[in-house]
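This note sets out points for a colleague to check against the model. Please read it with the sequence and the coordinates at hand.

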Amino acid sequence: MPAMSGGFRLFLILSSLSLLAAALLAGDDSNSSSPPQAEIKPVADIFHGTRVVDNYRWLENGNSPETKKWVEQEMAYTRGMLDRLAGRDAIHKRLTELLSIGSVTPPVIAGRHYFYTRREGMQNQPILYVRDSLDGKDRVLLDANQLAADGTIALDWFQPSENGKYVAYGTSPSGSEMSTLHIIETKTGTALPDTVERTRAASIAWKLDNSGFYYTRYPKKGDVPDGQEMYNRHVFYHSLGDDPGQDDQPIFGEGRDPEDWPSVHLSNDGRWLLISVSEGWTKS
């Protein structure tokens, strides 16, 4: 049997603790209260010809007095359930130890460079490192923890060019995962002015001469019907120094199903762009 990853072990631990808490609560007859009930306020939308009713759309407005009141009631109920569980301090201590272990990813090799991410202790975000040779010294290429005072800007992905001269990477705030693409020069750590919005989980294929790259991006609000901004992923080409909003044109995706998921790859000789399209989770 293959060894379990640290993340999977932690998942099993958290699952076991959740089951333990549920069992303790189920056996506690003193808990007779019920969770607060959210008011039902139906809102109907039409998606792809299907009418979908959302009874709790009003809760999406986190600033409304009604939502704040409901959240306060939910928190009071939750704390009343959890705070009286025996062993909470021991559980908290052990989870803190496990979450402090940190993580390191396998290296991505580009030219003579080795790129990887590492998170130490209680750092909010992993740091992108580069090593310029197999036995070279590690140096920080990007520390996402420095991008926001509260550490909530994440490094979503990164892709070095073929010889490692440049690295394209995506960052997003507050767990949105809707990345903004940036480019950094590996040798100097200098950020290029090129930035591209709405590159969630971007697929990148650099040209071999480092002059530009093919990439995927999502439409901005107003470019597609309301509600479809998280679909309609298209392939574009960006030449370094160009204005992405004005100069980058879609080269693939027009007329396809909005839910198609294209990804890009360049052939080893740089002559051909290969585009693979996933249709749902079962067909490509």
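1. Helix α2, residues 65-82, is 18 residues long, and its first and last C-alpha atoms lie 26 Å apart, close to the 26 Å expected at 1.5 Å a residue. The expected span is 1.5 Å times one less than the number of residues. Helices (H or I, at least four residues) and strands (E, at least two) are DSSP runs, numbered from the N terminus.

2. The model is predicted: local features need pLDDT of at least 70 and side-chain atom pairs count only at pLDDT 80 or more, while totals for chains, interfaces and linings use all residues. Residues are numbered from 1 along each chain as its sequence is written, and side-chain values use heavy atoms, with hydrogens and water left out.

3. Which residues of α2 are buried? They are T67, Y77 and M81, where buried means under 20% relative accessible area, exposed over 50% and partly exposed in between (1.4 Å probe, protein chains only).

4. Strands β1 (residues 43-47) and β2 (residues 50-54) run antiparallel and are joined by 5 bridges; two strands pair if DSSP finds at least two bridges between them. Opposite V43 stands D54 in β2. The hairpin of β1 and β2 has 2 residues between the strands, and H48 takes a positive phi near 55° there.

5. An open sheet is formed by 4 strands in the order β8-β9-β10-β11, with antiparallel pairing. At its edges stand β8 (153-160) and β11 (191-196), each with a single partner strand, so one side of each has no neighbour in the sheet. From one strand to the next the twist averages 25°; axes are lines fitted to C-alpha atoms, for helices over the stretch in contact, and angles run from 0 to 180 degrees between N-to-C directions. Strand β10 (residues 180-185) is joined to β11 by 3 bridges, and the two run antiparallel. H182 stands opposite T195 in β11.

6. Another open sheet has 4 strands in the order β12-β13-β14-β15, also with antiparallel pairing. Its edges are β12 and β15 (250-252), each of which has a single partner strand, so one side of each is left without a neighbour in the sheet. Neighbouring strands of this sheet are turned by 30° against each other on average, direction ignored. Between β12 and strand β13 (residues 212-217) there are 3 bridges in the antiparallel sense. The bridge partner of A205 in β13 is Y214.

7. How many aromatic pairs are there? The count comes to 6, by the rule that rings of Phe, Tyr and Trp (its six-membered ring) pair if their centres lie within 6.5 Å, with planes under 30 degrees apart counted as stacked, over 60 as edge-to-face and the rest as tilted. The rings of Y166 and W206 have centres 6.0 Å apart and planes at 15°, so this pair is stacked. Y166 in strand β9 (residues 166-173) and W206 in strand β12 (residues 204-206) are 40 residues apart, and the pair links distant parts of the chain. Both Y166 and W206 are buried. With centres 4.9 Å apart and planes at 55°, the rings of W206 and F213 form a tilted pair. F213 is buried, as is W206. Ring pairs link Y166, W206, F213, Y215 and F236 into a cluster.

8. Two arginines lie over aromatic rings. The charged end of R118 sits over the ring of Y129, 4.2 Å from its centre. R233 lies over the face of W261, at 3.8 Å from the ring centre. A charge sits over a ring if NZ of Lys or CZ of Arg is within 6 Å of the ring centre and within 35 degrees of the ring normal.

9. Most residues other than glycine have a negative phi. E177, in the loop between β9 and β10, has a positive phi of about 65° although it is not a glycine. E177 is partly exposed, with a relative accessible area of 46%. N210 lies in the loop between β12 and β13 and has a positive phi of about 65°, although it is not a glycine. N210 counts as buried at 8% relative accessibility.
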